[in-house]
Amino acid sequence: MKKLSFPRLDTVLLIIIMVFLPANILYEYHSSGFATNSLELSDMDAISMRRSMDCEFSRGVPWYIIYAMAQCSEDGLYSDDLEDKVLAAWQKSGIDKETRRLDNDTIGNFLKTGFSDDAQDALRLIERLKKIDYIYRTGVYPLMDKSKNAADNFGAERSYGGKRLHHGSDLMCPEGIPVLASIEGRVSHIGWNELGGWRVGIRNGDTYYYYAHLKAYAKRLKKGKAVERGEVLGLAGDTGYGPEGTSGKFAPHLHFGIYHYNIPIDPYPFLRMWQTNTN
């Protein structure tokens, strides 16, 4: 006799959940803890992201709110008028200005109060920005000495090796200051690079974090090794701009870069935030 087969109970329950629960709740069950359609750094409008992060740093409005409002506006552009409107609404909102990681209800109520037309679209976009916001808020400053500021020099012209643009931020510091992993990942590149000298590349998913001009590496650091955020990678130095072993061509500093799918990302607003973190 042919036996009847029935779906497993857990399969039936999963189907019911997928049909009846709203998408933003399902996102919470993704293994990474973020929306399955989260935006990545290379997906972002670079100018709007930078201006939004600048606005948060100077005026206090969480960057993802003003970024989402700009993207959902009629022309999709960040503008001074939009910034002023969001700032005015933020000041009147009564939200704790020290709280930067707001829950969805708080964000939704704020948007519905001042920006009802774009509120739902903006809220959906903010859900997709949480992965980037997590990096922004929890990364570790890559120098153990936080008093050494990062230079806002992404995109500056460089001439060694031919005319090119600077795809990173320089953290000027005395030689020998410990260099720390800003984000966890695995060592994908280590060794000499003509431009970067002794350098380390840490890959986390499709994002690559680049630490260059080192004087020395931490013991047991090798390709494929898993590293935790805050782990010592080596010591800052002045190596590079020549064949292996070249040093002294410039003042000691750490060159720090972020790439996503080999697209360079301005690291300065992230470094500026990480410098204020208490981790």
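Reader: What is the lining of the largest pocket made of, by class?
Author: The lining of the largest pocket has 10 nonpolar, 7 polar and 3 charged residues. Here Ala, Val, Leu, Ile, Met, Phe, Trp, Tyr, Cys and Pro count as nonpolar, Asp, Glu, Lys and Arg as charged, and the others, Gly among them, as polar. Please note that this is a predicted model: local features need pLDDT of at least 70, side-chain atom pairs count only at pLDDT 80 or more, and totals for chains, interfaces and linings use all residues. Residues are numbered from 1 along each chain as its sequence is written, and side-chain values use heavy atoms, with hydrogens and water left out.

Reader: What volume does the largest pocket have?
Author: Its volume is about 380 Å³, taken as the space filled by probe spheres set on grid points that are joined across faces, edges and corners. A pocket is an open set of points on a 1 Å grid over the protein atoms alone, where a 1.4 Å probe fits, with protein on both sides within 12 Å along at least five of seven lines; lining residues have an atom within 4 Å of a point.

Reader: Which residues are closest to its centre?
Author: Of the 20 lining residues, these are R164, H166, L195, Y210 and H255.

Reader: Which element gives the largest share of the lining?
Author: That is β7, with 4 residues. Strands (E, at least two residues) and helices (H or I, at least four) are DSSP runs, numbered from the N terminus.

Reader: Changing topic, how many salt bridges are there?
Author: The count comes to 15, a salt bridge being a side-chain nitrogen of Lys or Arg within 4 Å of a carboxyl oxygen of Asp or Glu. One of them joins D54 and R272, with the closest N and O atoms 2.8 Å apart. D54 is in helix α3 and R272 in helix α8, 218 residues apart.

Reader: Is R272 buried or exposed?
Author: R272 counts as buried at 11% relative accessibility, whereas D54 is partly exposed at 26%. Buried means under 20% relative accessible area, exposed over 50% and partly exposed in between, with a 1.4 Å probe and protein chains only.

Reader: Over which ring does the charged end of R272 sit?
Author: The ring is that of F57, whose centre is 4.5 Å away. The rule requires NZ of Lys or CZ of Arg within 6 Å of the ring centre and within 35 degrees of the ring normal.
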